[in-house]
Amino acid sequence: MKKLLVLCLLAPAVLLGNICPLPLGTAANTGFADETADDQKGGWIDLGGNDLRAMPPGELMAGGVPFTVADSQDASCIVLGGPTRAYLPKAAALDVPKDVAGKWLYLFHAAAFPPALNEVAGLLTVEYADAKTKPTEFRVRFGRDVADWHAPKSYPNAARAWTAYNGNTQVSLFASKFELATNTVKRVRFASKDATWMVVGVSLGDETPLRPLLPEFKVTKTFTPPPPLTAPLPCVTNDAAPRNVILIIGDGMGQGALKLTSLNQHRAEGRLIMQQLPFAGLCTTYPFGADVTDSAASGTAFACGHKTKNGMVGMLPNKKRVESVATEAKRAGRSVGIITSDAIYGATPAVFYAHSEKRGASQEIVDFLPGCGFDALIGDAGGRKIFLPKAQKGDRTDTRDVVAEMAAKGYAQAATIADFRAAPAGRPVLGFMDGKTALATETCLSELLETAVGRFEKNPKGFFIMLECSITDGGGHGNIPNTTVLGTTQVDWAVRTAVEYARARGDTLVIVTADHETGGLSANMSYATGDLTILYTTTSHTADPVAVYAFGPGAHRFSGRIDNTDIAKTIRALLE
């Protein structure tokens, strides 16, 4: 499980500066957590696990305003469906206690499925205790008074006031304020219009300036880069069939992440080990039917050679299953290893063995593992619960014990890198590594790769290994330079291990790329002062092409401008 990033200041007081948080009471109509996407039963905005369960209940200070977040599984917030969620409630009313007064109304809120900028996301109507005072209606405009819950920045009357990584992407809520006609408010009405509107907190009181989060992007930690290569890599341009293939993926590791890491560690661009591989290119990542990909669609492309819709794993838009190069390599007698710092059922590793319409269908994806026959399956320990039934403190909805099933098929278990090294020769390995220890160092992935290579190289038919670093994606989603640099450094250590092995053997193809860019990251360095300027423009994925580097037999075929489907197609052609 990736660590949650929560940026907010908890406030012990309910009343601050004559601003009083209002309990949502019966106006609240849904909870923060959702289990099943699009089932029309509610739970945040009905997107399954992509929800707001990261929101802590209680009193908090957000954007300089005190709010109270309800502690209720069923009714903690107001969610009103717009055109995209027409089955959700369209209106809500909040009665204001008679002893609370104020000339300014504050909202802690966000929008989803938003309209164009300046369109009306919802209508806010304030009724007064004085019947002679007409209700005040505010048109809450998108890009002025409210913003998309994925937006990484503030707007004129929408101060980005709280943010967290929810396990899928970085999400935010915004503080807004509205001046009222009088200070005696009777009722506040909410109605959705052109967007889904989510209200988490309401406060009433005196005027106070909104204070948005102002993150300062700096690398504050020191990370050890790999040592230089023992010698420049030769430029091999033959099409000889490689015996072995090592595919290294930096999740979300765009060109900005590479530049930032090189500038931070080497005070110059282009100094990473991966950037010294003799062949380089740029790879497009768009999915079927959209401009910006997710990890499932991009993974299906580079693992199977086919475009598909976002969210689909090893499956075409028409739901036809497609096989990965890993499955084909195993059928041909090669040893196969899948190594990731994510859960082994995460989108990128899953595309190599599973087939599912929904990347979030973790249990369904895990059920493919006992039959895949791969020789090493190494992932984060946080994913172990979905292998086990509830009777064993697991998360499955049935009584199946997938860990026991794999043990029956001969899999040894590993909880540390040392366990992986010590696993009996000839036995496949199922690994659940602790993300805070085994997967936290700069060298962790290179050590896992070195171990896998040592186990597989005795196979006369060769091997295929996919190794993924997932935390680069978290750095982009969370706009966290430290995480971006650590993840890219982990990749670079693994690349050094791979290319030195490939250089010594002469029969191993190494490919390094990313599934997509995350964060819209750019970085520059002042050569006068040495200071780094770091900018993230989003907390989401982007359509930017990603770098691809290659070394070994057939490496030249990955240079120039390619598409992510070309990676699987070229590997397949070389291994036939």
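Reader: How many of the residues of H2 are buried?

Author: A residue counts as buried when its relative accessible area is under 20%. In H2, ten of the ten residues are buried, so this helix is largely enclosed by the rest of the structure.

Reader: How do I read the pairing of H2 with H12, and at what angle do their axes cross?

Author: Angles under 35 degrees count as roughly parallel. The axes of H2 (residues 295-304) and H12 (residues 564-575) cross at roughly 25° and come within 5 Å. The two helices are therefore roughly parallel to each other. On the H2 side, the contact is made by Ser298, Ala301, Phe302, Ala303 and Cys304. On the H12 side, Asn564, Thr565, Ile567, Ala568 and Arg572 take part. By class, the residues of this contact are six nonpolar, three polar and one charged.

Reader: Now the loops. Where is Val322, and is it buried or exposed?

Author: Val322 is in the loop between H2 and helix H3 (325-331). With 7% relative accessibility, Val322 counts as buried. Apart from neighbours within four places in sequence, Val322 is in contact with Thr300, Cys304, His306, Gly314, Met315, Leu316 and His355. Val322 and Ala303 are 19 residues apart in sequence, and their C-alpha atoms are 9.5 Å apart in space.

Reader: What does distance in sequence say about distance in space for Lys193 and Ala121?

Author: Compare the two separations. Lys193 and Ala121 are 72 residues apart in sequence and 5.4 Å apart in space, C-alpha to C-alpha. Lys193 lies in the loop between strand S13 (185-192) and strand S14 (196-205). Its relative accessible area is 37%, so Lys193 is partly exposed. Leaving aside neighbours within four places, the contacts of Lys193 are Gly82, Pro83, Val120, Ala121, Gly122 and Arg139.

Reader: How far apart in space are Gly333 and Asp206?

Author: Gly333 and Asp206 are 127 residues apart in sequence and 73 Å apart in space, C-alpha to C-alpha. Gly333 is in the loop between H3 and strand S17 (335-340), and at 28% relative accessibility Gly333 counts as partly exposed. Beyond neighbours within four places, Gly333 is in contact with Asn459 and Lys461.

Reader: Which value of phi does Trp44 have?

Author: Phi of Trp44 is near 50°, a positive value in a residue other than glycine. Trp44 lies in the loop between strand S3 (19-22) and strand S4 (58-62) and, at 1% relative accessibility, counts as buried. Lys319, in the loop between H2 and H3, also has a positive phi, near 75°.

Reader: What is the secondary structure of the whole protein, and what is its radius of gyration?

Author: The protein has twelve helices and 28 strands. Its radius of gyration is 26 Å, close to the 25 Å that the globule rule gives for 576 residues, so the protein is as compact as a globular protein of that length. Of the 576 residues, 58% count as buried.

Reader: Where is the pLDDT below 50?

Author: The mean pLDDT of the protein is 93, and 97% of its residues reach 70 or more. Over residues 1-16, the pLDDT is below 50. Where pLDDT is low, the predicted coordinates should not be read in detail.

How values were computed. Residues are numbered from 1 along each chain as its sequence is written. This is a predicted model: local features need pLDDT of at least 70, side-chain atom pairs count only at pLDDT 80 or more; totals for chains, interfaces and linings use all residues. Side-chain values use heavy atoms; hydrogens and water are left out. Axes are lines fitted to C-alpha atoms, for helices over the stretch in contact, and angles run from 0 to 180 degrees between N-to-C directions. Helices (H or I, at least four residues) and strands (E, at least two) are DSSP runs, numbered from the N terminus. Angles under 35 degrees count as roughly parallel, over 145 as roughly antiparallel, 65 to 115 as roughly perpendicular and the rest as oblique. Contact means heavy atoms within 4.5 Å. Ala, Val, Leu, Ile, Met, Phe, Trp, Tyr, Cys and Pro count as nonpolar, Asp, Glu, Lys and Arg as charged, and the others, Gly among them, as polar. pLDDT is the predictor's confidence in each residue, from 0 to 100. The radius of gyration is taken over C-alpha atoms; the globule rule is 2.2 Å times the number of residues to the power 0.38. Buried means under 20% relative accessible area, exposed over 50%, partly exposed in between (1.4 Å probe, protein chains only).
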